[in-house]
Each structure stands twice: as structure tokens, then as C-alpha cells.
Amino acid sequence: MALRKSKKLSQTAMIKQILKRCSSLAKKQSYDDQGLPLDVPKGHFVVYVGQNRTRYIVPISILTRPEFQNLLQRAEEEFGFDHDMGLTIPCEEVVFESLTSSL
């Protein structure tokens, strides 16, 4: 039981760290040349997915989903969370889109 609780605390700490980084990045952004918003609406954050690092804006509520937590664990193993590349999810865009559309 204690092992399970400590794992959950570490996931909570990880999620708070991600949200803090994403919210500070969002404040620095505006609009690009095509008029697409680069800032992130309240309650959302940005992830970069796939080999091309396609940018997705996803709701914070997705962080509680076990499927997304598995992707976060893979991201931490592959890239770590202490870098300036933004939150990068190591999966194919088609898989990510399928996952997020079903949530």
C-alpha cells in the first residue's frame, strides 16, 4: 500500500511540474504569421508529438487519464522533463490523435 501511495505522489509532483512549465511558456507566446494562436487557453497545455514534433493543445483533464500517464512515463524515460524542447510525447501522431479523440 505504501509503495502505491508513493508512486501516486510522484505522479502528482510530476504533473504539477509539467503544468508549471507549460503555464510559464504560454505567457510568452502570441500569434504566428498565419493568425493561429500560439498562446494556450486556460485549462489547456501544449504537447509536441511524433517525429515532426506536431504541436497539440490538450485539456489539463487529460493528465488524470491512465493512457496519457503512460505516455508521460515514456516521455520522461526517453527525453526527461528538464529540457527546453517542450513536453514531447514519444508516439506517432496517428496514435496520439486516436487516443485523445477517444477521451
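In which sense do β1 and strand β3 (residues 88–89) pair, parallel or antiparallel, and over how many bridges? In this predicted model, local features require pLDDT of at least 70 and side-chain atom pairs count only at pLDDT 80 or more, whereas totals for chains, interfaces and linings use all residues. Residues are numbered from 1 along each chain as its sequence is written, and side-chain values use heavy atoms, with hydrogens and water left out.

The pairing of β1 with β3 is parallel and comprises two bridges; strands (E, at least two residues) and helices (H or I, at least four) are DSSP runs numbered from the N terminus, and two strands pair if DSSP finds at least two bridges between them. V49 has I89 as its bridge partner in β3. On β2 (residues 54–59), β1 is joined by six bridges in an antiparallel arrangement, with R55 of β2 as the bridge partner of Y48. Four residues separate β1 and β2 in a hairpin, and G50 in the turn has a positive phi of about 80°. Five of the six residues of β1 are buried (under 20% relative accessible area; exposed is over 50% and partly exposed lies in between, with a 1.4 Å probe and protein chains only).

G43 lies in the loop between α1 (2–26) and β1 (44–49). This glycine counts as partly exposed because its relative accessibility is 34%. Beyond neighbours within four places in sequence, G43 is in contact (heavy atoms within 4.5 Å) with V58, P59 and I60. The C-alpha atoms of G43 and V58 are separated by 8.6 Å, the two residues being 15 apart along the chain.

Q69 belongs to helix α2 (residues 66–78) and, at 17% relative accessibility, counts as buried.
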